[in-house]
Amino acid sequence: MKLNKSIYRVLIFTFLLVLPIGSRLSGQAVPGKDENIPFLVTFGKEGETSWGDDDFYQIFFFSIPKDFKQQFYIRVFDPDCGGENDEIQGIFNSKTLFSVYGGKGVDPEKNEDSRGLEKGVNYKMGNLLASKVFGNEARYDNKYFSFGPFNAAEGDLNEKWKSYIFKIVCEGVSGDDGNLYRYFLSRNPDNNLAIEGANAFTYAYTFRMWNDFKSVAHIYPYVDTGIIFIKQSNFDWDKDGKILVVSKYKQGIIVPISGQNDWAISKIPIEPAEENSSLDFQFHKQQESEGGLVKNNNVVVTLENQRGDAVKFYSSPIGGVPVYIPKTNITKIVPKK
Ligand SMILES: [Ca+2]
Ligand SMILES: [Ca+2]
Ligand SMILES: [Ca+2]
């Protein structure tokens with residue numbers, strides 16, 4: 001009986017490992033379920049960059065399958081800046097603007113400005129579908145606010161991915177506190193009901209680490225065809241432990257880490273066999289023996305390929321979570337005489 005049970009467990013575990021559909025189904029949580037990231041973070045624009053946000057805004061894109069005919073909602077958890085979850089500086093005085101865009105100009109593959117990576121460009125092309133400013137408001141504290149309903153066809157059609165693209169911009173329009181929040185793309189305004197085949201992505205990821213030695217955060221960039229190397233940039237990591245890159249072919253490449261208020265930049269070679277799959281950027285916190293817990297660590301990560309094109313991070317890794325496959329030595333069996 002005991003043996004049967006453990007075999008059953010192994011089977012279930014293996015099944016989960018090889019089943020990318022499982023993560024695709026729950027791809028609407030941002031941060032995603034495999035990322036182990038508690039919150040996104042955006043500071044008010046009067047904040048200091050040394051607190052871990054380099055630009056005081058964050059852009060996320062949602063892709064909705066072309067054939068999805070129901071209405072949907074973009075739910076924001078803890079949109080306010082005050083009470084639970086948020087990072088106070090003096091008193092809570094930050095105001096945060098969330099804006100949802102659809103229509104032509106949103107798709108960042110067709111309109112590079114929409115990625116919001118260059119200073120001074122208009123990253124708000126498209127139709128403004130909904131927006132709201134949140135301050136220190138108890139009614140939205142530790143609760144969801146739902147934007148919508150929206151229809152898929154209000155997005156910007158991307159034929160390659162057979163999806164409509166939407167964008168949500170979060171801006172710290174005033175004050176200096178850090179707004180911590182999460183998103184969920186849902187079929188329902190009051191509950192988190194995933195849309196099959198949908199996903200979320202960004203080009204500049206600003207997030208909060210857990211205050212826990214054992215916790216490892218992951219983000220999953222997608223490596224397209226023709227990529228020879230990627231240039232990674234991480235900001236304000238506060239020398240908190242180590243950052244590793246893992247894939248089917250990489251056991252763990254060590255990435256240079258940034259200190260307070262600076263960037264660390266390096267190149268990571270890509271093997272042809274890694275094309276069309278995801279990488280796993282792992283963020284391991286500094287341990288107690290290495291200098292103690294780095295608290296409330298906020299960090300920014302961006303990537304570009306050898307052509308200077310920005311690389312996307314998907315909330316639900318395309319092709320599933322990459323797992324390193326050790327190269328085993330094949331020994332020839334010599335037949336006995
Ligand atoms: Ca709050
Ligand atoms: Ca918040
Ligand atoms: Ca930091």
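What percentage of the 337 residues in the chain is buried? Buried residues make up 43%; a residue is buried if 20 or more other C-beta atoms, placed from the backbone, lie within 10 Å of its own, exposed if 12 or fewer, and partly exposed in between. The model is predicted: local features need pLDDT of at least 70, side-chain atom pairs count only at pLDDT 80 or more, and totals for chains, interfaces and linings use all residues. Residues are numbered from 1 along each chain as its sequence is written, with chains lettered from A and ligands numbered from 1 in the order written.

**View 1. Leu 185 in the largest nonpolar core.** This core has 75 residues. A nonpolar core is a set of buried Ala, Val, Leu, Ile, Met, Phe, Trp, Tyr and Cys residues joined through C-beta atoms within 7 Å. Ile 74, Phe 166, Tyr 183 and Leu 185 have the most contacts inside it. Beyond four places in sequence, the contacts of Leu 185 include Phe 62, Phe 72 and Ile 74. Contact means C-beta atoms, placed from the backbone, within 7 Å.

**View 2. The cis peptide bond between Val 30 and Pro 31.** Omega is about -5°. Pro 31 sits in the loop between strands S1 (29-30) and S2 (39-43). Strands are DSSP runs (E, at least two residues), numbered from the N terminus.

**View 3. The cis peptide bond from Gly 148 to Pro 149.** Omega is near 5°. Pro 149 belongs to strand S7 (residues 144-151).

**View 4. Positive phi at Asn 276.** Phi is near 60°. Asn 276 lies between strands S17 (263-269) and S18 (277-278), in a loop. Asn 276 counts as exposed because it has 12 C-beta neighbours inside 10 Å.

How values were computed: Two residues are in contact if their C-beta atoms, placed from the backbone, lie within 7 Å. Helices (H or I, at least four residues) and strands (E, at least two) are DSSP runs, numbered from the N terminus.
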